Amino acid sequence: MSSSVSVAIENGVAVVTIDNPPVNALSVYVRKPLYEALATLRDDPAARAIVIACAGRTFVAGADITEFGKPVEQPELRAIVALLETIAKPTVAAIHGTALGGGLELALGCHFRVADQGARLGLTEVKLGLLPGGGGTVRLPRLVGAEKALGMIVSGAPILAGEAKAAGLADAVVDGDLLAEAIRFASETADRGGAFIAVRDRNDRLAETDLAAFDAQATDLARKSRGLDAPLACAEAVHNAITLPFDEALAAERALFVKLVSGDQSRAQRHLFFAEREAAKVPGKDLQRRTIERVGIIGAGTMGGGIAMAFANGGFPVTLLETSAEALQRGMAMIEKNYAVSVSRGSLTGEAREQRLGLFKGSTDYADLADCDLIIEAVFEDMAVKKEVFGKLDAVARPGAILATNTSYLDVNEIATSTARPRDVLGMHFFSPANAMKLLEIVRAEKTAPDALATVADLARRIGKVAVVVGVCHGFVGNRMLSARGAENEFLLLEGATPGQVDKAFTDFGWPMGPCQMGDLAGLDIGWRNRKARGLTAVIADTLCEEGRFGQKTGRGWYRYESGSREPATDPEVEKLIRTKAGELGIAQREIGADEIIERTLYPLINEGAKILQEGIAARASDIDVVWVNGYGFPIGKGGPMFWAGLEGAVRIVERLEYWRQRTGRGIFEPAPVLRRFAETGSWEAVGGAL
Ligand code: T1G
């Protein structure tokens, strides 16, 4: 056989082993020899049963995503599964690590699935803007029932082996030698004989379907799809599985798959899949990782508390330092409250809460940070305060400890000068709430050692974060671009757009909420304090804050919020305030459409991204996409601002920026040279910007 597929027959059981590191993706180099092996074994009397297993750390983690968008090479996965279903002898999939997407579909082609207790099984295609294309939408419901299948396929969330067994997806769960158990299972099944029913022919679970309940579930899931096509296609395909004969439903699945795989949304989501993996890579050969076992957090406020929870959730013992016992108590009380809310919502068990709270050690003494391997400062956003903290840290932290600042804007190089160990200093910019938001901007200062960067980039995955390494500038990548997008917001409002119109343009674009509602959620006073610190002004937003309109926390911001409600209500006082300010500034108001709103906010955002690339603050355009999708809610179906610029058309973006430059005279519309080159070449890679 080939290097990626081998066959060994033992006591009449043929073990077909797939070996295609790192995740046994079903590339054509696997599919071809696999098909041949199975076709041979089907008619080989020496094989009474067949086990399909994988070498390495996981079972098949799906089709090879890098092959999408290229001409399809035969045999396809569907042909392998169809072949499997013609095999009369028992076929068993031995699943360890993950069986995802096409990997689970391959296993669904087998009569039986034996899984290691730690294995995760799922049809994750929807996360790539796709639906299962190898028969998963038609076979999975036949094993687990239509409702369960719908939930699994539309969410793309894998389930653990135990749950898979309970649902009828796995036939056995193994705590020990998986392959030996799978071979024994196959052998005993062959000995028992009888007809082995292919999944395609099992209709009992489908017959139980309550179609009305199913449709209600599908409608509810569709409502949450926020403009993404794949969740809707997934629901339609599972509905077909219930209502159509097997082969018709399979053909319908194919048609839906072909449509999605060539669409912009899936291209965008596949872009993000690889972009997230690239973003955390730190250049440098054989970089050692420092050992991180204990973490110290300075400041138990909203950010410090959230960061401490993220590490405790990742299993790390945490020393939480505050200036006083009262402040520490307040911080711990907030953490306990957050965990209590998770338990009450059922997203955390009481036992897990106790285990995590057990990882916290509170302190008011810097000396208690001496045994920490990583110390993150999350104190007030003021340079003098931060430098004082780093000075104290320098005195107590052990040699080789990594010292990180959670600043959102300030100069990390400057902060590092207050220590004698700038090689150990970097930024870890978390997003609020830090225990929930996925993004982590890792800020590389001029003297930061590559091994410190690489250590923190790896660590990010262990605490469930998506890390992006960025350089030092005001606001790093995310907040710097946010300022560019926000700057034009004020002018749009002064010229006649209402907060509701601006926000609707963003939600129609695919954002969870618009900039005004987002400002109210985060608190308008944060931006206000930042502008004041930098001597900047925003006519309307400053006035709102001067009137105590900080957003949800004061019940009034851009919108009004009935007591305790998060539902924004239009506030005529704000619209009147805007008209008054426009009048004072002599700005005539006019109708402004959604296209203009998107153009005047997102084009400068992309332009600022191009400058960031040009300055080497971001290593790749795709890093900027990862920041915006994971930290600022940029719609995943559009791939992030830099990817979307390609869909929107860079030539048009440059033209429209020049138009608005001319019309307004404002510098943020001056196209960056890198953006012009992108418009000429069509690829960000071609315009360099490598670090
Ligand atoms: N195809 C190609 N490359 C893949 C891959 C895949 N399916 N999965 C991972 N890689 C690469 C990845 O880019 C990285 O490369 C390396 O493997 C390690 O991955 C017909 C349509 C399995 C849980 O959605 O979720 O089947 O950066 O860093 O953290 O219906 O990878 O080292 O160069 O993520 O241990 C459906 C995707 C495909 C699963 C492992 N499958 N993969 O996580 O490692 S569509 C998926 C994952 C499909 C059929 C359809 C994760 C993982 P590099 P990693 P990890």
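This text walks through the ligand site and then the salt bridges of a predicted model. Local features need pLDDT of at least 70, side-chain atom pairs count only at pLDDT 80 or more, and totals for chains, interfaces and linings use all residues. Residues are numbered from 1 along each chain as its sequence is written, and side-chain values use heavy atoms, with hydrogens and water left out.

Start at the ligand. The shell around the ligand holds 27 residues, where a residue is near if one of its heavy atoms lies within 4 Å. The closest are Arg 57, Glu 105, Glu 125, Arg 277 and Lys 281. By class, the shell divides into 13 nonpolar, seven polar and seven charged residues. Here Ala, Val, Leu, Ile, Met, Phe, Trp, Tyr, Cys and Pro count as nonpolar, Asp, Glu, Lys and Arg as charged, and the others, Gly among them, as polar.

Next, the individual atom pairs. The side chain of Arg 57 places an N or O atom 2.6 Å from a ligand oxygen. Ala 63 uses its backbone: an N or O atom there lies 2.8 Å from an oxygen of the ligand. A polar backbone atom of Ile 65 is 2.9 Å from a ligand nitrogen. Taken alone, the ligand exposes 1,000 Å², and the protein buries 78% of that (Shrake-Rupley method, 1.4 Å probe). Helices (H or I, at least four residues) and strands (E, at least two) are DSSP runs, numbered from the N terminus. The largest share, three residues, comes from α12.

Now the salt bridges. The whole structure has 54, each a side-chain nitrogen of Lys or Arg within 4 Å of a carboxyl oxygen of Asp or Glu. Asp 171 pairs with Arg 113, with the closest N and O atoms 3.8 Å apart. Asp 171 sits in the loop between α6 (161-167) and β9 (172-174) and Arg 113 in strand β6 (residues 112-116), so the pair ties together parts 58 residues apart in sequence. Arg 113 is buried, at 0% relative accessible area, while Asp 171 is partly exposed at 27%. Buried means under 20%, exposed over 50%, and partly exposed in between (1.4 Å probe, protein chains only).

Arg 666 and Glu 495 also form a salt bridge, at 3.9 Å from N to O. Arg 666 lies in the loop between α28 (650-664) and α29 (673-681), and Glu 495 in the loop between α19 (478-494) and α20 (499-509), 171 residues apart. Both Arg 666 and Glu 495 are buried.

Key: A polar contact is a pair of N or O atoms within 3.5 Å; within protein, one must be able to donate a hydrogen and the other to accept it, and residues adjacent in sequence count only if both atoms are side-chain atoms.
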